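Please look through the following model with its sheet, its helix packing and its aromatic rings in mind.

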Amino acid sequence: MGSSSNDDFSVVVLASDLGIDARPFLLNQDTEIEDQENWHDCSQDFSDEDFSDLEFLQFFCLQGSDKSGNRILRIVGKYFPAPVVSGERLKRYIYHKICSELPEGPFCIVYMHSTVQKEDNSPGVTILRWIYEELPPEIKDRLQVIYFIHPGLRSRLVFATLGRLFLSGGLYWKIKYISRLQYLWEDIKKGEVEIPEFVQNHDDVLEHRPLTDYGIEPDPLHLTEVPNTAYSLGRYEERLTSREFMS
């Protein structure tokens, strides 16, 4: 009987400990909510935060200007490690870059969607919308155009069906799809934005197999490059027949 009582008592103490230990987490949540309300204040100092790991990846950086004079923010989707970077940290890093590096005046975004994998490189449409909605109105107004390079079929469908509902502030109408790099040079001079080698290689693949734009790979094994054996055998049989006829 005494042993059973001790066991019951220990269970009660364990539950009490869990209740006490949970309070710091609740306090942290309150702090996070307060940070979310004030994160877009440019007077807030982000210099104490270490973003060196994200800087090293170079997925979000300031480059040249397009032909309209808009400064370029280049985003390379393939470089972003979505599974290990939280939405909150991504939001703070983006605003840190905008406040510390982007000069006054209009700007544009060059987003490279080439070979992006949803599980590995995409933070999700909901998080991206959340980050955009938290931006101050003056920054939204300064954004002139988004050059969306190599959009896949899924991206086109999502924005075509849900874009007007999820994207506010006229953002939907600022997206310009760029299926090939040659069309990008109509708006941006070569050399104003750095194109990673894998993006150029992907562009070459699309140029030779345009149906890949729509998720269709017409010849994944490159069988069209293999000589037609049946045709060759048929011609050989015709030559044999003609020789027999001549003899």
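Rings of Phe, Tyr and Trp, the last represented by its six-membered ring, are taken as a pair if their centres lie within 6.5 Å. In this predicted model, the structure holds eight aromatic pairs by that criterion. One of them joins F51 and Y93, whose ring centres are 5.3 Å apart and whose planes stand at 55 degrees, so the pair is classed as tilted. The two residues belong to distant parts of the chain, 42 residues apart, with F51 in the loop between α1 (2-38) and α2 (52-57) and Y93 in helix α3.

Helix α3, which spans residues 87-101, also packs with helix α5 (residues 125-134), at an angle of about 40 degrees and with the axes 10 Å apart. Angles from 65 to 115 degrees would count as roughly perpendicular and those under 35 as roughly parallel, and the value found here therefore makes α3 oblique to α5. The crossing of α3 past α5 is right-handed. On the side of α3 the contact is made by G87, E88, L90, K91 and I94, while α5 contributes I127, W130, I131 and E134. Sorted by class, the residues of this contact between α3 and α5 comprise five nonpolar, one polar and three charged.

The sheet can be followed strand by strand. It is open, has five strands in the order β1-β2-β3-β4-β5, and its pairing is mixed. Because β1 (60-65) and β5 (175-178) each have a single partner strand, they stand at the edges, and one side of each is left without a neighbour in the sheet. On average, and with direction ignored, neighbouring strands of this sheet are turned by 25 degrees against each other.

β1 and β2 form a hairpin with five residues between them, and in its turn G69 has a positive phi of about 90 degrees.

Technical notes
Residues numbered from 1 in each chain as written. Predicted model: local features only at pLDDT ≥ 70, side-chain atom pairs only at ≥ 80, totals over all residues. Heavy atoms only, no water. Pairing = 2+ DSSP bridges. Helix = DSSP H or I, 4+ residues; strand = E, 2+ residues; numbered from the N terminus. Axes fitted to C-alpha atoms, helices over the stretch in contact; angles between N-to-C directions. Parallel < 35°, antiparallel > 145°, perpendicular 65-115°, else oblique. Left-handed = near helix turned anticlockwise from the far one by under 90°. Contact = heavy atoms within 4.5 Å. Nonpolar A, V, L, I, M, F, W, Y, C, P; charged D, E, K, R; others polar. Phe/Tyr/Trp six-rings, centres within 6.5 Å; stacked < 30°, edge-to-face > 60°.
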